[in-house]
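Here is a protein chain to look at. The questions below are for a reader who has not seen it before.

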Amino acid sequence: MTEPRDPDLFNWRPPLTARRETPPVGRTARLVGRATPGMPPRARARHFSAKGSAQRVRPVRSATGGQRRVIVKARVVCMTPGAKKALMTHVRYVAREGAGAEGEEGRYFDARSDAADARAFAGRCETDRHHFRLIVNPEDGRDLPDLKAYARRFMAQVESDIGTPLDWVAGAHFDTGRPHLHILLRGKRDDGRDLVLPREYVSHGLRGRAQELATEILGPRQEQSSDMEREITADRFTRLDRTLLAEVRDGQLALGSLPPEQQSDALRRLVHLETRGWATREGPERWSVPADFRERLQSHGEREARERAATKALWGSPWSGQIDRLEPLELATGEAVTGAYVGVQPIGPYGSGPQALVLETFEGRLGHARLPGLDAALVLDRVPPGAIVQVHAQPRPVRGSDQTIAEVAGGSGGTYSAAVHRSLRPDDSSAFIDRHLRRLEAMSREGVCRSLGEGRFAIGADYPEAAAVVDRAKLGGTELRIQVRDPRPLEAQVRAQAFTWLDRCLRDQVDIPSGGRLAGEANIRLEERAGVLRAWGLGSGEPLRLGKTDETALGSMEVKSVFERLGAHGKPVELARAGQTFSGVYMEKIHVAGMPYAVVEGRHGITLAPWRAALEACRGQAMTGVLQGRSVDFRFGQQLGRGQGLEL
């Protein structure tokens, strides 16, 4: 069962600007006096909660001062006997599938961590008298550079206003067109007393604080006319386009169906869309709008954002001043391209969202490709410009979670529930099972499975592939995988005591295509590398060829060099062995023989274990790992990696 749709999905925008004022003298005098035994319980709660609180905030009727608009909705939920189940439903709803910036599931955070445990928070609320649920919806949420930082500063101000540290978790929703926050707040002060917020602070103070913070970050709000001028000529999907689409019937838009006050701006927008080929005039007040109108505008807007990000990636790099060479790099399924790494920049305002990867190919192209999110680019962390990387487009696979769901349902007659999952796979954590429930809630909305109520779902035999079809429709049929072929630029490979990308070309007798600047440099470096290898007594023949023995010797030289650098302080260094348990602090990622390794420094030694992107969220943390085959099971603190979403 899911929560009703957010009320902030509607474009209702009352005047939201507020100003701070000194509280009325009479009411303040009543609150700051001594609490008396004859006070009613509610009055005593107001008395204690008011100590150290902020000045009263009340709305004004006109939007003055240029403040940014923010809608804040607050709800107090009493912890009745049935409230625990409702709270868990709300917890799953906030972290639902598709709520993330790139269509992934939502994630909780708090004042200190980007991976807060919402289930533990719900457990702490069980003995409370009540808890608070807040929705903070900035009008310009898409322009805020970091919603998490905004939420933390907002809650820090609330703590200062209330005069007590607060226990809270929050999640951000990006799937409604207006990014916004859902905040869960415990109803307890730091001294164990009930937290009761003053009525005026809930009604107006929270909104005022949110607006002041948004204005501080983004600057004063511009006049509506300026906003509208930008929307009229924007080559992307805008709020005005959403208004137009709402009036389209059978591909036709009648201008007269819009409110009179919107017709002038709508007409100017339609004329601009006509010049761009995205709408067609059929008569004096009738326009034809294509069925894929929204998708075409969104695609064009993202392409422009991607080009801007690619341009930014060139700043300060050896490719500065070559903006005119930039071009999109679109790969078909199974296609791969190799080149020199230039840089990565986020597409849009969210650093964890889609990324633009720029590389110079050996065919002479300076291309940019779209990566789905920051996780896909983490393999390039601390990789210098000029390193040799390969981008491969492969079919989007079936998710592992969908395969697990199908296996569990297959063992229970086609029905999935948390209880069935736990009985068939008792080692799986509750958090791991919750993620499968959220996935099923999302897929039930798409018609891939059927909800039976009370957390039970009917799963068909074709469920994994049907769910994959939905993913491919939303995210595309291919996904890009990046492999660092050599973390060194070409000039650094010439004298490197390692088995380099140049050595692979010599071993496999690869013909590097001519014509591009990078290809010309690579052919020159190949000749220089061949001379160095001959001086070292490696390779034979003309042109130089490398055998298996030469490859092994170069690999041993690289391992020795890496071990000497890491063990400079006297600690022994070793590669993780199959079945070996090791522990320590994850320090950094390095490349050895073209493969990334995690450096885990323990008290008595340093271990190199296969690296995965999920480890970057735990850099600097203590861990215990076990190498099994070519993968590593990690345990951070007292929780298994699988419970943290780190099944590596």
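What follows is a set of questions and answers on this predicted model.

Q: Which element gives the most residues to the lining of the second largest pocket?
A: The second largest pocket is lined by 20 residues. The elements that give two or more residues to this lining are helix 3 (83–94), helix 13 (418–424), helix 14 (430–445) and strand 17 (450–453). The most, five residues, come from helix 3.

Q: What is the volume of the second largest pocket?
A: Nearest the centre of the second largest pocket lie Lys85, Arg92, Leu437, Glu454 and Gly455. By class, the lining of the second largest pocket has seven nonpolar, six polar and seven charged residues. The volume of the second largest pocket is about 530 Å³.

Q: Is Glu454 buried or exposed?
A: Glu454 is found in the loop between strand 17 and strand 18 (456–458). Its phi is positive, about 60°, although Glu454 is not a glycine. The relative accessible area of Glu454 is 73%, and the cut-off for exposed is over 50%, so Glu454 is exposed.

Q: Is Gln509 buried, partly exposed or exposed?
A: Gln509 is not a glycine, yet it has a positive phi of about 55°. Gln509 lies in the loop between helix 17 and helix 18. Buried means under 20% and exposed over 50%; at 28% relative accessibility, Gln509 therefore counts as partly exposed.

Q: Why is the pair of Phe109 and Trp168 edge-to-face?
A: The structure holds two aromatic pairs. In one of them, the rings of Phe109 and Trp168 have their centres 6.2 Å apart and their planes at 90°. Planes over 60 degrees apart count as edge-to-face, so with planes at 90° the pair of Phe109 and Trp168 is edge-to-face.

Q: How many residues apart are Phe109 and Trp168?
A: Phe109 is in strand 4 (residues 108–109), and Trp168 is in strand 6 (residues 168–173). Phe109 counts as buried at 1% relative accessibility, and Trp168 is buried with a relative accessible area of 4%. The pair links distant parts of the chain, with Phe109 and Trp168 lying 59 residues apart.

Q: Is the pair of Phe362 and Trp501 stacked or edge-to-face?
A: The ring centres of Phe362 and Trp501 are 5.1 Å apart, and the ring planes are at 15°. Planes under 30 degrees apart count as stacked. The planes of Phe362 and Trp501 are at 15°, so the pair is stacked.

Q: Which element holds Trp501?
A: Phe362 is buried, with a relative accessible area of 5%, and Trp501 counts as buried at 9% relative accessibility. Phe362 is in the loop between strand 13 (355–361) and strand 14 (366–371), 139 residues from Trp501. Trp501 is in helix 17 (residues 501–508).

Q: Which residues does Thr233 touch, not counting residues up to four places away in sequence?
A: Thr233 lies in helix 7 (residues 224–233) and is partly exposed, with a relative accessible area of 47%. Thr233 and Val271 are 38 residues apart along the chain, and their C-alpha atoms are separated by 9.6 Å. With residues up to four places away in sequence left out, Thr233 touches Arg269 and His272.

Q: Which residue does a cis peptide bond join to Glu542?
A: The bond has an omega of about 0°.

Q: How many nonpolar residues are in the lining of the largest cavity?
A: There are two cavities of 30 Å³ or more, and about 40 Å³ of space lies in the largest cavity. Its lining consists of Leu244, Leu245, Val248, Leu253, Leu270, Leu273, Ala279, Val289 and Phe293, and helix 8 (239–246) and helix 9 (260–275) each supply at least two of the lining residues. By class, the lining of the largest cavity has no polar residues, no charged residues and, as nonpolar residues, nine.

Definitions and conventions
Residues numbered from 1 in each chain as written. Predicted model: local features only at pLDDT ≥ 70, side-chain atom pairs only at ≥ 80, totals over all residues. Heavy atoms only, no water. 1 Å grid on protein atoms, 1.4 Å probe; cavity = no way out; pocket = protein on both sides within 12 Å on 5 of 7 lines; lining within 4 Å. Points joined across faces, edges and corners; volume = space filled by probe spheres on them. Helix = DSSP H or I, 4+ residues; strand = E, 2+ residues; numbered from the N terminus. Nonpolar A, V, L, I, M, F, W, Y, C, P; charged D, E, K, R; others polar. Phe/Tyr/Trp six-rings, centres within 6.5 Å; stacked < 30°, edge-to-face > 60°. Buried < 20%, exposed > 50% of the residue type's maximum accessible area, 1.4 Å probe, protein only. Contact = heavy atoms within 4.5 Å.
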